[in-house]
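Dear colleague,

Please find below the structure I am handing over to you, together with its sequence. My findings follow directly after it.

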Amino acid sequence: QVQLAESGGGLVQPGGSLRLSCAASGSIFLIYTMGWYRQAPGKQRELVADVGMLGTNNTNYADSMKGRLTISRDNAKNTVDLQMNSLEPEDTDVYYCNTDLVLKNGYRRTYWGQGTQVTVSS
């Protein structure tokens, strides 16, 4: 019904940058929020950043990563990008795309991507 295609993860050296992208497709009427979460083994999934319908005026960032992140969305393409700079080893995690949307049938649903590995290492 709705699929989230994630890309941009990988291996980067400390201080480096990555850009995570997520594209939502399917029977989408509108998207309230798109964002990225991270989850380490044995821990809860936690917000990295998200962006609401107001775009840059409606964003949230994890306190631990704030200042190193920029999230943006393209409503026409149903995509969200997360620019991550000055990455540190502690940023290593699996990152999941998330969206809160309304389907064409009028139902509101939340979807998760499969997860993409981000590894920050020398």
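Gly52 lies in the loop that connects strand S5 (46–51) with strand S6 (59–61). The model is a predicted one. With a relative accessibility of 4%, Gly52 is classed as buried, because the cut-off for that class is under 20%. Leaving aside residues up to four places away in sequence, Gly52 is in contact with Tyr32, Thr33, Asn58 and Arg73. Between Gly52 and Met34 the C-alpha to C-alpha separation is 6.6 Å, although 18 residues separate them in sequence.

The strands around this loop pair as follows. S5 and S6 are antiparallel and share 3 bridges, with Val51 opposite Thr59 of S6. S5 also runs antiparallel to strand S4 (residues 28–39), to which 5 bridges join it; Trp36 has Ala49 in S5 as its bridge partner. S4 and S5 make a hairpin with 6 residues between them, and Gly42 in the turn shows a positive phi of about 80°.

I then turned to the aromatic residues. Searching the whole structure gives 1 aromatic pair. Tyr37 and Trp112 form this pair in an edge-to-face arrangement, at 5.0 Å centre to centre and with 70° between the planes. Tyr37 belongs to strand S4 and Trp112 to strand S10 (residues 108–112), so the pair ties together parts 75 residues apart in sequence. Trp112 is partly exposed, its relative accessible area being 40%.

Arg45 lies over the face of Trp112, 4.5 Å from the ring centre. The charged end of Arg45 also sits over the ring of Tyr96, at 3.6 Å from its centre.

Yours sincerely

Definitions and conventions
Residues are numbered from 1 along each chain as its sequence is written. This is a predicted model: local features need pLDDT of at least 70, side-chain atom pairs count only at pLDDT 80 or more; totals for chains, interfaces and linings use all residues. Side-chain values use heavy atoms; hydrogens and water are left out. Helices (H or I, at least four residues) and strands (E, at least two) are DSSP runs, numbered from the N terminus. Buried means under 20% relative accessible area, exposed over 50%, partly exposed in between (1.4 Å probe, protein chains only). Contact means heavy atoms within 4.5 Å. Two strands pair if DSSP finds at least two bridges between them. Rings of Phe, Tyr and Trp (its six-membered ring) pair if their centres lie within 6.5 Å; planes under 30 degrees apart count as stacked, over 60 as edge-to-face and the rest as tilted. A charge sits over a ring if NZ of Lys or CZ of Arg is within 6 Å of the ring centre and within 35 degrees of the ring normal.
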